[in-house]
Amino acid sequence: MSEERQIQLEVLRYNPETDSQPRFQTYTVPCVNEWVVLDALNYVKENLDPTLSYRWSCHMAVCGSCGYMINGEPKLGCKAFIHEYGDHIRVEPLAHFPIERDLVTVVEDFIAKLASVKPYLIPKEDKPISAGEFKQTPAELMKFKQYTLCINCMLCYAACPQYGLVPEFLGPAAISMAHRYNQDSRDGGRDQRQEVVASDEGVWECSFVGACSEVCPKHVDPAGALQQVKVASTIDWYKEHLMPWVKK
Amino acid sequence: MAKSNKPIFWGLFAAGGTVTAFVTPALVLITLFAAMRFSPDLFTYEVLHAFAANWLGKLIIFGVILVSLWHAAHRLRVTVHDFGVRADTLVAYVVYGIAGLGTFVTIVYLLRI
Amino acid sequence: MSRKPYIREISKTRWFLRQPRYMRYMAREVTCIFIFAYTFLLIVALARLSQGPDAFQEFLNALRSPLGVLFNLAVLIAAVYHSMSWFNVTPQAMPIQQGEEFVPGSIIVGAHYGAWAVISLIILFLGV
């Protein structure tokens with residue numbers, strides 16, 4: 001049976017045209033326990049306050065649009081069930097990103113960083129279509145499959161204190177995506193990606209707090225990917241500087 | 001973007017993290033027991049001198065101290081930044097300098113035994 | 001439409017108080033101070049060892065003080081915390097693939113704890 005209960009939804013509001021800084025606004029929302037926080041936001045938008053701005057699309061943890069700080073924790077609004085919370089829920093825009101309006105953040109920085117690691121297959125050599133498909137064994141697929149699950153929701157950036165402190169940091173999702181293609185047996189683009197990934201602002205800004213993996217809604221484990229990238233980059237460095245005769 | 005030279009230090013940090021994780025608690029237990037006078041046979045001059053007198057012993061002592069120092073130095077560099085100090089280059093010189101000095105005197109003392 | 005994004009400032013010195021997971025991280029990082037200090041204790045021991053039995057006895061006497069006991073206790077707690085935090089993340093840093101599947105993390109962590117126990121026993125056996 002669905003049980004209805006009243007919750008106080010405290011939402012961060014910021015209107016760039018009239019506000020000099022954000023403020024909180026509280027709405028009383030009648031919820032059923034099966035609802036997620038996104039449902040409560042939609043209720044506010046439809047019934048109480050049409051001016052509330054927030055991103056969402058699929059309502060099923062696939063599109064990665066509805067990331068908010070819910071009671072201080074980065075969460076997808078569509079995966080945060082009302083019954084897991086008390087009667088007071090606080091929703092803020094994802095931490096570490098500038099606020100565009102209300103719960104909408106500015107994400108250009110992340111998009112540019114993601115693009116900078118060339119997150120697509122760069123084949124080792126050109127192969128004519130007549131030569132047939134690139135074959136891959138199930139074991140080769142397993143090497144990177146976990147990282148393909150990333151939905152670019154940016155919860156990991158909101159969780160990562162190093163990104164908050166050093167905005168130049170390339171960050172968890174972008175480096176995990178680089179790792180995903182580096183690990184792909186069909187790919188030959190690692191050297192190109194390393195130029196960005198192995199720089200100071202790349203993987204070396206990470207200090208393995210591990211928060212990214214704890215909040216990742218798809219269990220991509222970005223922290224693990226970054227440590228593996230560090231190990232591989234370190235081996236590269238020692239090979240390059242101490243054993244220059246070893247061919248890469 | 002230039003590739004970072006942090007791998008030199010990170011390599012030692014990772015090696016040291018692993019070695020200290022395996023050996024430091026047991027080593028501390030021994031010195032703790034010696035400090036608490038559990039037994040007069042703990043951490044004695046004769047046993048330690050005999051261990052440090054041969055090349056294998058020297059190598060083990062040097063290895064453990066080397067990676068422990070550089071592990072701690074590198075992590076301290078990051079930790080100082082985490083506590084809000086924004087002088088990474090200076091901090092790096094200081095912490096790696098201390099580790100380098102420790103490494104140097106370790107070699108000197110080992111060669112004197 | 002003009003844009004005026006609002007940037008929230010983060011305290012550079014108190015950011016880690018925000019979440020328990022950041023506090024756990026800082027606790028892990030701070031262990032390095034104890035490891036650093038303890039390594040210098042070992043270097044001092046080595047220095048006194050190289051100066052002969054009398055000098056080493058002086059070192060031992062200094063170690064056998066309340067301060068020496070306290071210091072070793074503090075280092076022990078920090079060192080164990082470091083070991084556990086280090087071994088617990090080994091499957092993330094060094095996943096092992098066998099055939100198609102990855103070896104379960106619990107097995108990799110367990111193997112490290114097992115090796116830790118064996119190595120500790122060997123050191124204690126040799127040292128005691």
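How many residues does helix 3 of chain B have, and how far does this helix reach from its first C-alpha to its last?

1. Ground rules. This is a predicted model, in which local features need pLDDT of at least 70 and side-chain atom pairs count only at pLDDT 80 or more, while totals for chains, interfaces and linings use all residues. Residues are numbered from 1 along each chain as its sequence is written, and chains are lettered from A, with ligands numbered from 1, in the order in which they are written.

2. Chain A overall. Start with chain A, which has 9 helices and 7 strands (helices are DSSP runs of H or I with at least four residues, strands are runs of E with at least two, and both are numbered from the N terminus). Its C-alpha trace spans about 70 × 40 × 30 Å along the principal axes. Of the 248 residues in chain A, 42% are buried (a residue is buried if 20 or more other C-beta atoms lie within 10 Å of its own, exposed if 12 or fewer, and partly exposed in between, with C-beta atoms placed from the backbone). Take the contacts in chain A with a separation of 6 or more: 67% of them join residues 24 or more positions apart (two residues are in contact if their C-beta atoms, placed from the backbone, lie within 7 Å).

3. The two domains of chain A. Chain A splits into domain 1 (4-105) and domain 2 (108-242), with bounds that come from an automatic or database domain assignment. Over C-alpha atoms, the centres of these two domains of chain A are 30 Å apart. Where they meet, 13 residues of domain 1 of chain A are in contact with 12 residues of domain 2 of chain A. On the domain 1 side, strand 3 and strand 4 (73-76) of chain A are the elements that give two or more residues, and strand 4 of chain A has the largest share, 3 residues. Sorted by class, that domain 1 side has 8 nonpolar, 3 polar and 2 charged residues (Ala, Val, Leu, Ile, Met, Phe, Trp, Tyr, Cys and Pro count as nonpolar, Asp, Glu, Lys and Arg as charged, and the others, Gly among them, as polar).

4. Two backbone spots to check in chain A. His59(A) isn't a glycine, yet its phi is positive, near 65°. You'll find His59(A) in the loop between helix 1 (37-48) and strand 3 (67-70) of chain A. His59(A) counts as partly exposed because it has 17 C-beta neighbours inside 10 Å. Phe208(A), also not a glycine, has a positive phi of about 55°, and sits in the loop between helix 7 (190-197) and helix 8 (211-215) of chain A. With 21 C-beta neighbours inside 10 Å, Phe208(A) counts as buried.

5. Helix 3 of chain B. Back to the opening question: helix 3 of chain B has 28 residues and reaches 40 Å from its first C-alpha to its last, close to the 40 Å expected at 1.5 Å a residue (the expected span is 1.5 Å times one less than the number of residues). After this helix comes Gly84(B), with a positive phi near 105°.

6. How helix 2 and helix 3 of chain B pack. Their angle is about 95° and their axes are 5 Å apart (axes are lines fitted to C-alpha atoms, for helices over the stretch in contact, and angles run from 0 to 180 degrees between N-to-C directions). Helix 2 of chain B and helix 3 of chain B are therefore roughly perpendicular to each other (65 to 115 degrees; under 35 is roughly parallel, over 145 roughly antiparallel, and the rest oblique). Phe51(B), Ala52(B) and Ala53(B) of helix 2 of chain B make the contact with Gly57(B), Lys58(B) and Ile61(B) of helix 3 of chain B.

7. Chain B against chain C. This contact takes 46 residues from chain B and 44 residues from chain C. On the chain B side, helix 1 of chain B brings the largest share, 17 residues. That side has 30 nonpolar, 12 polar and 4 charged residues.

8. Chain C against chain A. Here 20 residues come from chain C and 25 residues from chain A. Helix 1 of chain C gives the most to the chain C side, with 3 residues.
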